Amino acid sequence: NKDTIIGIDAEWLMPLCNFGILRLAVLQLATRDFVFLLDMVALTGAVSQSQQVSFIETLFHSPDTIKLGFAIEGDLKMLARTWPCVSKVLDTLVSTIDLQKVAVRLKSRDNGLTIPLPTNTHIPETQNAEAMSSQSLTQKTSLTNLIEECFGLPMDKSNQIAN
């Protein structure tokens, strides 16, 4: 069996739509052949805490399943906030790759990957990308820029209505 790769992304409920509480609205899981949209609002009341823990353990602790996300730490923090019972499970992740961190590392090594920074980013001429801190690069490395750099096509988010 080949390793399975699962893309992970999350959409959050904005506080004014959710009585001031920032929570996960949708957890998106994608494999090569399928996409699953999990309604976290509905699932929170429909599944027990033990089922929540079991699901998250199965997903994030399998060494044979590679989990890919972009800035995935924020999504996982929001998942733990939505389902507090899984926070300890999320302390240990297996075979999980944050593509934003990978892009920042590649960019800081200056090995030919030229991830474009947003046009409003000002970097003094004396300061190149290598000299920028990893945190600064992380803040400026967006999924949209990474997709355009890797595939030569812009990402179309015109229909996006969430975060």
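Relative accessible area sorts residues into buried (under 20%), exposed (over 50%) and partly exposed in between, with a 1.4 Å probe and protein chains only. This is a predicted model, in which local features need pLDDT of at least 70, side-chain atom pairs count only at pLDDT 80 or more, and totals for chains, interfaces and linings use all residues. Residues are numbered from 1 along each chain as its sequence is written, and side-chain values use heavy atoms, with hydrogens and water left out.

An open sheet of five strands runs in the order β3-β2-β1-β4-β5 with mixed pairing; strands are DSSP runs of E of at least two residues, helices runs of H or I of at least four, numbered from the N terminus, and two strands pair if DSSP finds at least two bridges between them. At the edges lie β3 (35–39) and β5 (96–98), each pairing on one side only. Strand β4 (residues 65–69) is parallel to β5 and joined to it by three bridges. L68 stands opposite I97 in β5.

One salt bridge is counted, defined as a side-chain nitrogen of Lys or Arg within 4 Å of a carboxyl oxygen of Asp or Glu. It joins E73 and K101 at 2.3 Å, N to O. E73 belongs to helix α3 (residues 72–82) and K101 to helix α4 (residues 99–109), 28 residues apart.

There is one aromatic pair; rings of Phe, Tyr and Trp (its six-membered ring) pair if their centres lie within 6.5 Å, with planes under 30 degrees apart stacked, over 60 edge-to-face and the rest tilted. The rings of F34 and F36 have centres 6.2 Å apart and planes at 35°, so the pair is tilted.

| Residue | Relative accessible area | Class |
|---|---|---|
| F34 | 53% | exposed |
| F36 | 42% | partly exposed |
| E73 | 42% | partly exposed |
| K101 | 43% | partly exposed |
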